[in-house]
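Biologist: I would like to learn how to read a sheet and its helices in a model. Could you take me through one case, step by step?

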Amino acid sequence: MRVLLVSEDPTSLQLVKSALAGSSGEPFDLEVADALSVGRRLLDSGEIDALLMDSGDCRRVELDAIRDIRETYPAIPMVVLTCKDDEEFGVAAVRAGAQDHIFRGVVNSRSLARTLRHAYERQRVRELVRSKAAAEEANHAKSEFIALISHEIRTPLNAILGMAEVLDETKLTSEQEEYVQVFRKSGEALQLLIEDILDLAKAEVGRLALEETEFNLVEVVEKTLDFLALKANERGLQLSYTVGPDVPVILRGDPHRLRQVLINLFSNAIKFSNEGIVSLTVQKERDPEHPSPETNTGSTVHFAVLDTGIGIPPDKLEVIFDSFTQVRSARSRLNEGAGLGLSICRRLVQMMGGRIWAESALGQGSTFHFTVYFGHSQSPMTYRGMLRAALSGMTILIVDANPDHGRLLAERLSNWGAQVTEAGDATQALEDIRRRQHANLDPYKLVILSSPIPDIVQLMVPCAEWSGRCPRGQDTRTYMVVPIAESRLADDIVSVLRETADSLATATPEPLGQAIRPARILLVDDDAENRFVVESYLKWTPHRVDIATNGLEALEMFKSEQYALVLMDVRMPVMNGHEATRAIRQWESREGKNRTPIIALTAFALSQEAEESMASGCDAHLTKPLGKRRLLGAIQEYTAMGIPQDTGDMDAVASELIQVEPELEEFVPMFLENRRSDVLSLRDALAVSDFDSIERVGHRMKGLGGIYGFHRVTEIGRAIEEAAQAKEIDSARDWVDRLHEHLQTIAP
Amino acid sequence: MATIAVVDDDQEIRQIVPRILAPLGHKVVTAIDGVAAEYLLDKSVPDLLIIDLSMPRKGGWDLINAIHQNPEWSKAKIMILTASSGFVERSIMSRLSRVDSYVTKPFKPEALRDAVREVLSTKA
């Protein structure tokens, strides 16, 4: 211990010197200064452990000097050497900041050494107490900071995600829809990262708590994988999961933390793999303490995340679970992230009563295992039970050209309780479906199509309101095609159907023909708007649309490609629809080709234009604007499917059969009365060629008829409106007559 | 329960739409044109205005502009009814950022109810 003696008195110096020299234990190093000002240099250097102040000549050491020293050198213990045995002064000195005082008269090697050492200890204790207080304050400040920043970060992030969600609900083009999905998923990923950071911080200040609630294990797994699928797909990876048949499905615990662990592990696996599959297996762990399942109140579930990535060196397998460590690799630029994930996982898993560990082989891949203890719920349903429950009684149609293959699939599904029918091809499938319709049976809940790609089948399910799964804005009664790996058939059926049990019960089937055999269609129209509409209608069907913007282009394309159907607009520059059709027919007969169906798209419901279309060689004509159902019906009718028109073209049927909306029945007399007076005002307007009024009445009628269920009235209204717009007086008159006739038939 | 104002010069629409919306349990009032609608807005701002765009003399868009320029009125959500289709629909859609929902006529009663439910449930 280095001691500085500040003293003017040679006797004090001598006294202290010999006392310290004679002491036992740790040796003392004595420095001397004859005044404080001289001593300061040494004190400043920080090498002095204790200060011995001599009051010298019995003059009192200024208490101010003591205070000053205490302030300037708070860490250095001070002992005051008094010349008198003056207790009062001694106490005052200690109050002013000295650690102790000692009377010169009692100085000897033992007493001085002990006093100095004790003073030193006392000083250390004081420092520790101060440090502790500072640390606690800092910790408190840190918690406050976390709470504050958590709110500060969450608020704008919630706004971003909230807006993305709202945006997602507006009408978007499919391009915009894609962008919004990226936007949402990135936002959600960011949110997760921030949650991770905050969680780790909270865990460290002891503020992390576990929830306990009932949840469905399979649902959590599926939602998690769904969330990760985008990232995985970007890296060309696939995700899959298998659940052991005896794993209990409804559990008690904290599903959010479970999800957090899974997301962390999967994110790592995805990050460090370039290809292949990242898979999750979920098994029930045999609990040695509770061998008979009926008696225990919970289960340990064992999760394993396997990847085929770069692997982890064996010496790092433990260390990776420590905070902020990452495995350095040659491609270190891939190692983004704060390295928090695994340490959070370990903490969480431990909190949930389990453990976590990793296995790996360099260059081959890694498996991360963790176990969690979950409580059981009232419902003892296992995964096997869940599959059975979901598939039991489900009516499934398998369409497979290979009978053996189809039978295998059918057997597998029957084992799970489904009612399976097999069909060898699309025609047979459609017959089956129609047969059910005619027999007033419930439609098939699911149609499975074998696919040219081995191991993949396609599920066709009614596309109900599944956000994220079904193309938004799609008619909810269309079918959606989901390709899945055959080995995952049951899992995926369950996953695909689970959320929509109600929708399936009420969905009515659409004619399936258009979704099974894709047609190559040539669309000829100079109007970008119209082309856009047709393309939108066909976007989610397998039909392939080629575009020509005038008749000449159409002719060229027709010659060079094989089309199942041509949709030909009539009014176009360069070469109009009639001319193009004629040219095509001539070419066909010259080349000995089969006749390709051509449907004319006419803007007006004018008989003249329709007649001319048929004369030039069209097979049919449709008036624009083209309703989606009419379009798809026409495609179905005229492409190679050749399905007869018994249930097609709903509109034609609807216009003959009037079904009035029941809630508006009492308004029908008013509606009809108004239409009858419309006829009168239209005739008045016709007499003076008041096209504006005719157009207005037609427009209004168009907007009203369909609300009640009088679709024919809407059609006629549209025709009247368009005729007036084109100032075609004869046609307008024609349609007004038809309106009159129609009203007569409804209510004579 | 929300307040819905139906603005349409067609008397038939003014009669049947309140009936169609009745099952939703909201209060439905009607206005014969933009001027009447502004009078309604002055008295009390409804939660939703259903505005027919086929009203003559651009009445619909004028009203919508007036609503957007008034900070109190723009608290209301706007749904437009339009019997136009195809091309015109597209130009309306390009202005969609200024309305909250649109429904084409003729609409099925259930479709109108769905649209109203949806627009009333989204946050302002």
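**Reading a sheet and its helices**

Modeller: Let us begin with one pair of residues in this predicted model: A:Leu522 has A:Asp546, in strand 19 of chain A, as its bridge partner.

Biologist: How many bridges join strand 18 of chain A to strand 19 of chain A, and do these run parallel or antiparallel?

Modeller: In general, the strands of a sheet pair through backbone hydrogen bonds, and the pairing may be parallel or antiparallel. Here, strand 18 (residues 520-524) of chain A runs parallel to strand 19 of chain A, and five bridges join the two.

Biologist: In which order do the five strands of this open sheet of chain A lie?

Modeller: The order is 19-18-20-21-22, with parallel pairing. Strand 19 (544-548) and strand 22 (620-623) of chain A are the edge strands, since each of them pairs on one side only. On average, neighbouring strands of this sheet are turned by 25 degrees against each other, direction ignored.

Biologist: Which strands of chain A does helix 17 of chain A touch?

Modeller: Helix 17 (residues 551-560) of chain A packs on the sheet and touches strands 18, 19 and 20 of chain A, its direction making about 160 degrees with that of strand 18 of chain A. Helix 18 (residues 577-591) of chain A lies across strands 18, 20 and 21 of chain A, and runs at about 150 degrees to strand 20 of chain A.

Biologist: Is A:Ile66 buried or exposed?

Modeller: A:Ile66, which is found in helix 3 (residues 63-72) of chain A, counts as buried because 21 other C-beta atoms lie within 10 Å, and the cut-off is 20 or more.

Key
Residues are numbered from 1 along each chain as its sequence is written. Chains are lettered from A and ligands numbered from 1 in the order in which they are written. This is a predicted model: local features need pLDDT of at least 70, side-chain atom pairs count only at pLDDT 80 or more; totals for chains, interfaces and linings use all residues. Helices (H or I, at least four residues) and strands (E, at least two) are DSSP runs, numbered from the N terminus. A residue is buried if 20 or more other C-beta atoms lie within 10 Å of its own, exposed if 12 or fewer, and partly exposed in between; C-beta atoms are placed from the backbone. Two strands pair if DSSP finds at least two bridges between them. Axes are lines fitted to C-alpha atoms, for helices over the stretch in contact, and angles run from 0 to 180 degrees between N-to-C directions. Two residues are in contact if their C-beta atoms, placed from the backbone, lie within 7 Å.
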